[in-house]
Amino acid sequence: MDIKKTEPKLIFRTERLYFRTMTQEDFGLLCQILQDEKAMYAYEHAFSDEEVREWLNRQLGRYEEYGFGLWMVHRLDDGEFLGQAGLTMQDGGGRQVLEIGYLFKRAFWHNGYATEAAAGLKEYAFRVLGRDEVYSIIRDSNAASQRVAERNGMEVAGAIVKHYYGMDMPHYLYCVKKKNRKVQKIGGADGPTSVFVGRPAGRKKKEEFTEFLDRAAASVRPCRKSMEEAASYLVDKHGAKPWPLTVRQLQTLKSNVIMNCYEGVLKRPEPLKEGAGENEVRSWFAQDTSFEQAEAYPADRLNLDMRAWLLPDTEQKDGGDISPAKGEAVSEAGEKTVVEMEMNSGYVSLRSGSEEIMDDLTLFLGVSREDIEHRSPRFITYAALLRRRGEIC
């Protein structure tokens with residue numbers, strides 16, 4: 001197939017990532033992954049320059065043939081290239097299936113990017129491509145990718161053996177199917193930041209969850225701390241220090257705060273009715289410019305007070321407490337662990353840190369009487385955390 005030169009095109013965004021098409025100019029970036037033996041362990045070898053070029057041309061050919069393929073993945077707040085991820089047609093044991101695939105630079109492993117990318121690709125397959133099911137085909141020895149698939153709602157649906165590089169490689173076929181779906185929001189730790197089409201829970205699940213929230217509301221007492229108290233807590237207990245955010249990081253934080261806490265300033269299309277068809281859903285998303293509106297909205301108009309704190313290294317003690325250790329906390333990618341807050345709305349987010357840090361801060365902040373009465377997202381998060389800790393049945 002004759003491969004035409006193309007310009008990069010934005011495909012979609014998640015909370016922390018954006019996906020764009022590859023171009024011939026991306027050869028060097030792809031080499032950073034495809035020629036790293038450890039990143040390519042599932043393939044049993046690093047690629048040569050010729051193999052990288054073939055890989056790149058294959059994706060460009062897929063764009064022309066299918067309208068999708070593997071895309072380049074960048075971090076939203078600073079544009080850093082993280083890896084590649086996308087949707088491709090693969091042999092699923094005698095039939096073609098739509099597969100979620102990803103390869104990230106080794107420096108950015110263990111930051112939740114693969115899980116976030118896979119979730120976004122699943123929703124893209126369902127809501128944009130209109131598919132009824134999507135797969136992940138994973139080597140039997142790749143436990144990390146198996147966990148990503150399971151977090152993405154997938155279950156093992158079969159197994160195949162691939163013959164590659166002179167070897168027989170057993171693979172599991174993980175699959176998730178689209179059910180009756182409605183428009184809903186998904187996203188950040190303190191609340192939703194993106195709109196996707198999601199499937200409603202069954203009636204029994206809804207009833208069980210409602211009963212759990214009722215039990216939690218009866219046992220939880222109002223204990224909400226102020227954001228200033230939370231800042232002091234980070235400094236006094238964790239040894240955190242104020243940290244300046246870049247212009248782009250401030251812009252991303254502002255957008256997330258508005259999407260979560262000040263949605264009333266955004267103009268959005270009329271909500272879709274239950275049972276809306278695929279064409280209606282696509283039309284709704286084409287009209288929805290809320291994220292762009294949030295990006296353009298002046299922070300001073302809402303009197304936003306955005307701050308950030310750098311955390312030192314942390315260690316988990318037997319009792320579950322998080323205590324500071326020496327040095328700055330950094331991920332395997334060398335990213336600093338930073339807590340971001342908007343002091344007036346109560347929005348909190350964590351960049352490149354562990355779940356234990358966010359859990360600890362959630363427990364400290366607590367919930368207000370209004371949170372409990374209205375079953376707010378903050379109360380739901382707080383109650384779910386207490387259930388994980390065994391404090392609510």
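Author: What follows is a conversation about strands, helices and side chains. This is a predicted model, in which local features need pLDDT of at least 70 and side-chain atom pairs count only at pLDDT 80 or more, while totals for chains, interfaces and linings use all residues. Residues are numbered from 1 along each chain as its sequence is written, and side-chain values use heavy atoms, with hydrogens and water left out.

Reader: How many bridges join strand 1 to strand 2?

Author: Three bridges join strand 1 (residues 10–13) to strand 2 (residues 17–20), and the two run antiparallel. Helices (H or I, at least four residues) and strands (E, at least two) are DSSP runs, numbered from the N terminus. Two strands pair if DSSP finds at least two bridges between them.

Reader: Which residue stands opposite G86 in strand 5?

Author: That residue is G101. Strand 4 (residues 81–91) is joined to strand 5 by nine bridges, and the strands run antiparallel. Four residues lie between them in a hairpin, and G93 in the turn has a positive phi of about 90 degrees.

Reader: Why is strand 5 largely enclosed?

Author: Strand 5 (residues 96–104) is largely enclosed by the rest of the structure because seven of its nine residues are buried. Buried means under 20% relative accessible area, exposed over 50%, and partly exposed in between (1.4 Å probe, protein chains only).

Reader: In what order do the four strands of the open sheet come?

Author: The order is 11-12-15-16, with antiparallel pairing. Strand 11 (241–242) and strand 16 (347–351) are at the edges with a single partner strand each, so one side of each has no neighbour in the sheet. Strand 15 (residues 338–342) pairs with strand 16 over five antiparallel bridges. Within strand 16, Y347 is the bridge partner of E342.

Reader: What does helix 6 touch when it packs on that sheet?

Author: Helix 6 (residues 227–238) touches strand 12, strand 15 and strand 16, and its direction makes about 165 degrees with that of strand 15. Helix 7 (residues 247–261) also packs on the sheet, touching strand 12, strand 15 and strand 16, at about 135 degrees to the direction of strand 16. Contact means heavy atoms within 4.5 Å. Axes are lines fitted to C-alpha atoms, for helices over the stretch in contact, and angles run from 0 to 180 degrees between N-to-C directions.

Reader: Let us change topic. How many aromatic pairs are there?

Author: A search of the whole structure finds eight. F47 and W55 form an edge-to-face pair, 5.7 Å centre to centre with 65 degrees between the planes. Rings of Phe, Tyr and Trp (its six-membered ring) pair if their centres lie within 6.5 Å; planes under 30 degrees apart count as stacked, over 60 as edge-to-face and the rest as tilted.

Reader: Is F47 buried or exposed?

Author: F47 is buried, with a relative accessible area of 8%. W55 is buried too, at 8%.

Reader: Which residues do ring pairs link into a cluster?

Author: F12, F19, W71 and Y124 are linked in this way.

Reader: What lies over the face of F212?

Author: R387 does, at 3.8 Å from the ring centre. R301 lies over the face of Y297, at 5.0 Å from the ring centre. A charge sits over a ring if NZ of Lys or CZ of Arg is within 6 Å of the ring centre and within 35 degrees of the ring normal.

Reader: What does E295 touch?

Author: Not counting residues up to four places away in sequence, E295 touches R13, R248, Q251, K254 and S255. E295 belongs to helix 9 (residues 290–296) and is buried, with a relative accessible area of 18%.

Reader: Where is N303 found?

Author: N303 is in the loop between helix 9 and strand 12 (306–310). Its phi is near 55 degrees, a positive value in a residue other than glycine. At 55% relative accessibility, N303 counts as exposed.
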